[in-house]
Amino acid sequence: MTAAVSIPKGRGGFPRILSLAAERAKSWYFHPQKCPPLQSHPSRQTRSERREACQIVLETILRHLDLASMCLGTPTLANGFIDIDMRTIVHDSGISQRRCERAIALLKQAGFMRVQQPRMRSEEGAYFGCRAIRIVTETLFEWLGLGTMLRRERARASERLRRKAQKANRKLVDFMRRVMASVRPIFKHRQDRKSREQRIALWNATWASHIRVGLDVQAAQRRTNETLGYPPGYRPGLEQ
């Protein structure tokens, strides 16, 4: 079996639960009967090549997992949640995109992952799909015997984010005050194209961050408008 890039352990490494999950998942390659959900067909064993791809992709996913949200990516105070796309998974896993896609399909079928594709409406009223959000479920960790540890580590990760946000709260408030100071004239005078695009990008990034933590489209829109100081029904492109 091809060796995947291991998850760093120890001081300065990743949370122990992630490397432990990767280590335990390796046994599924040698003993697939230990995890029936990963059997692509109930009457026969999944081929070794597919089990290998699944193990490599699973370890790659665990390297990118944010425990607080269970999404693939990194939460930042400056730019919101920065998620990863299929290109990153393919690059970091070192296998082909087709093998990655098949492995992810198997993980989704097993109930270990889900992919959400938020939708928004354009100015003309047409719906369009936003970037897909990849989420790892607690079921994966339950099958690995790490359910209790996961709940404890998620609470710790959430607390770390809360303290970081609380520490930077004054900076965030000052930043939003500056943003709103520049936005107020927008509703009185037309802005040039560059400023409008910047405003839309900020709104979309804030909206996407709320979607990633589980809010539906309408709730995310309301929360975004509250955060940025827009009217409740505001959507980019509708202002005069």
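## Basis of the model

Residues are numbered from 1 along each chain as its sequence is written, and side-chain values use heavy atoms, with hydrogens and water left out. Because the model is predicted, local features need pLDDT of at least 70 and side-chain atom pairs count only at pLDDT 80 or more, while totals for chains, interfaces and linings use all residues.

## The chain

The chain holds ten helices and seven strands (DSSP runs numbered from the N terminus: H or I of at least four residues for helices, E of at least two for strands). Of its 240 residues, 40% are buried, that is, under 20% relative accessible area with a 1.4 Å probe, protein chains only.

## The second largest pocket

The space in the second largest pocket is about 370 Å³, a volume being the space filled by probe spheres set on grid points joined across faces, edges and corners. A pocket is an open set of points on a 1 Å grid over the protein atoms alone, where a 1.4 Å probe fits, with protein on both sides within 12 Å along at least five of seven lines; lining residues have an atom within 4 Å of a point.

Sixteen residues line this pocket, and Leu65, Asp66, Leu67, Pro75 and Arg160 lie nearest its centre. Two or more lining residues come from each of β1 (65–66), β2 (71–76) and α7 (147–167); α7 gives the most, with four.

## Gln221

Gln221 belongs to helix α10 (residues 217–228) and is buried, with a relative accessible area of 9%. Beyond its neighbours within four places in sequence, Gln221 is in contact with Trp203, Trp207, Pro232, Gly233, Tyr234 and Arg235, contact meaning heavy atoms within 4.5 Å.

Terms used
Buried means under 20% relative accessible area, exposed over 50%, partly exposed in between (1.4 Å probe, protein chains only).
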